[in-house]
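Dear colleague,

Please find the structure below, handed over for your files. My notes on it follow directly after.

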Amino acid sequence: MSNSNFIPYGKHFLDQDDIDSVVEVLKNGMLTQGPKIEEFENLVAKKVNAKYAVAVSSGTAALHLACKVVGLTSGDQIITSANTFVASANAAEYLNASPYFCDIDNNTLNMSISDLTDKLKQLDNCKIVMPVHFAGAPCELSEIQKISKKENMIIIEDASHALGTCYESGELVGSCKFSDMTTFSLHPVKGVTAGEGGVITTNNIDFAKKLRLLRSHGILKGNFDLPGISKGDDMIKNKKEAFNDGELNPWYYEMQSLGYNYRITDIQSALAISQLKKIDKFIKRRREIAEIYDQELKDQDLIKRTQLKLRNYSSHHLYVVRFNFDKIKLSKRLLMNKLFENGIGTQVHYIPVPMHPYYQSKGFSINDYPNTKSYYEEALSLPIYYGLTDELIQKVVQTTFDIISSQN
């Protein structure tokens with residue numbers, strides 16, 4: 001089977017505009033720390049209706065910095081979904097804080113509001129609640145915000161799947177209407193890609209300033225301009241060293257805090273700018289694909305569709321179904337293998353974080369999250385991406401049906 005005939009579960013889309021944008025930077029632009037980064041940040045902020053956007057090297061870096069700027073430290077706790085990629089919880093571990101988990105809702109597959117309330121009763125110093133917009137479907141942020149205000153907690157949205165998602169109230173995820181910060185991923189499997197990269201949006205100017213510094217070693221440099229935020233001269237601490245006769249010394253820079261090398265490049269930003277211009281088209285097609293799957297699978301007793309009530313709000317990063325493997329008389333492994341043999345890629349999103357040996361060693365057990373456990377045992381992500389044709393969708397559906405029927 002050639003790669004050209006294989007249907008992956010997810011795939012980026014590139015066109016000539018994307019290629020030309022990158023080539024233009026390679027030929028004529030700065031490769032890093034140049035104007036394309038600010039241009040991309042401004043486009044993201046405008047798109048989601050946030051005051052500030054800060055681009056970084058990955059979605060993981062975005063989560064880490066978001067936790068850092070709110071002062072998360074040793075002894076603090078955060079709570080996130082049990083069903084997410086490990087980066088959500090790891091952001092707390094990087095800062096010697098303690099991540100905890102709540103179960104998912106069986107219908108939305110997002111953070112369960114009732115279990116969040118229950119789990120918070122068991123915590124005594126929870127500083128951050130980190131809802132995850134799983135598969136691009138929006139969490140109940142207005143309810144989470146009410147809980148957060150009562151507990152005096154910060155909300156950081158993990159929206160790695162959700163650029164282009166909107167809440168049921170109409171605002172776009174990333175606007176930070178219900179949160180303090182929102183983080184996005186630009187990994188190649190996401191709807192909009194920069195190759196690698198991440199973005200943090202916020203309406204808090206102090207957070208934005210700190211994020212800009214921390215992504216580049218904690219250093220204030222050059223003319224001290226933080227684009228879209230501050231001219232920066234007022235941020236200089238060692239003014240005696242920075243200025244001579246009232247004029248800025250052109251070589252001067254100063255490290256104000258312990259930061260990181262989490263910079264994104266102009267090459268990546270040029271690609272992301274071109275991609276972002278197509279996001280509405282990308283999401284429209286993904287929604288069409290989800291609708292086709294929904295129609296084809298609606299009468300299937302052995303395959304359960306998920307997140308149905310959130311279809312009109314989701315970015316449709318994933319299309320997840322739940323199989324009744326007991327009745328199918330086929331294991332998940334064998335089903336995945338048989339689909340693969342027929343040129344179809346699927347994936348499991350995710351191995352729940354409490355199941356990983358690192359977190360098991362900290363005392364977590366998947367048995368404490370029954371909805372997540374049953375979801376994990378049943379779930380499989382079917383192919384969904386912009387370039388997936390109707391013909392290929394039918395191949396995925398019919399091949400799945402044929403495999404199941406051969407077992408019964």
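**Notes on the structure**

Cys176 is placed in the loop between E5 and strand E6 (181-185); helices (H or I, at least four residues) and strands (E, at least two) are DSSP runs, numbered from the N terminus. This is a predicted model, in which local features need pLDDT of at least 70 and side-chain atom pairs count only at pLDDT 80 or more, while totals for chains, interfaces and linings use all residues. Residues are numbered from 1 along each chain as its sequence is written, and side-chain values use heavy atoms, with hydrogens and water left out.

**Cysteines**

Cys176 has a positive phi of about 60 degrees although it is not a glycine. With a relative accessibility of 6%, Cys176 counts as buried; buried means under 20% relative accessible area, exposed over 50%, and partly exposed in between (1.4 Å probe, protein chains only).

A search of the whole structure finds zero disulfides, a disulfide being a pair of cysteine sulfur atoms within 2.5 Å. Cys176 is in no disulfide, and the nearest cysteine sulfur, that of Cys139, is 14 Å away. For Cys102, the closest cysteine sulfur is also in Cys139, at 9.2 Å, which is too far for a bond. Cys102 counts as buried, at 0% relative accessibility.

**Overall form**

The secondary structure of the protein comes to 15 helices and 14 strands. The radius of gyration of the protein is 22 Å, which agrees with the value near 22 Å that a compact globule of 408 residues would have. This radius is taken over C-alpha atoms, and the globule rule is 2.2 Å times the number of residues to the power 0.38. Along its principal axes, the C-alpha trace spans about 85 × 55 × 40 Å.

Of the 408 residues in the protein, 54% are buried. Among contacts with a separation of 6 or more, 72% are made by residues 24 or more positions apart; contact means heavy atoms within 4.5 Å. The protein exposes about 18300 Å², of which carbon and sulfur atoms supply 48%. Accessible areas come from the Shrake-Rupley method with a 1.4 Å probe, and for residues only the protein chains shown count as cover.

There are 46 positive and 48 negative side chains, and the centres of the two sets lie 1 Å apart. In this count Lys and Arg are positive and Asp and Glu negative, with His and the chain ends not counted. The place of a charge is taken as NZ of Lys, CZ of Arg, CG of Asp or CD of Glu.

**Backbone geometry**

His349 and Tyr350 are joined by a cis peptide bond, with omega about 5 degrees. Tyr350 is found in the loop between helix H12 (332-341) and helix H13 (357-360).

Asn152 is not a glycine, yet its phi is positive, at about 60 degrees. The residue lies in the loop between helix H6 (141-151) and strand E5 (154-158). Asn152 is exposed, with a relative accessible area of 70%.

Ile366 lies in the loop between H13 and helix H14 (370-378) and is buried, with a relative accessible area of 13%. From Ile366 to Pro354 the separation is 12 residues in sequence and 5.6 Å in space, C-alpha to C-alpha.

Ser112 is placed in the loop between strand E3 (98-102) and helix H5 (113-120).

Leu14 is found in the segment before helix H1 (16-28). Leu14 and Asn203 are 189 residues apart in sequence and 31 Å apart in space, C-alpha to C-alpha.

Gln33 lies in the loop between H1 and helix H2 (35-48) and is partly exposed, with a relative accessible area of 40%.

Yours sincerely
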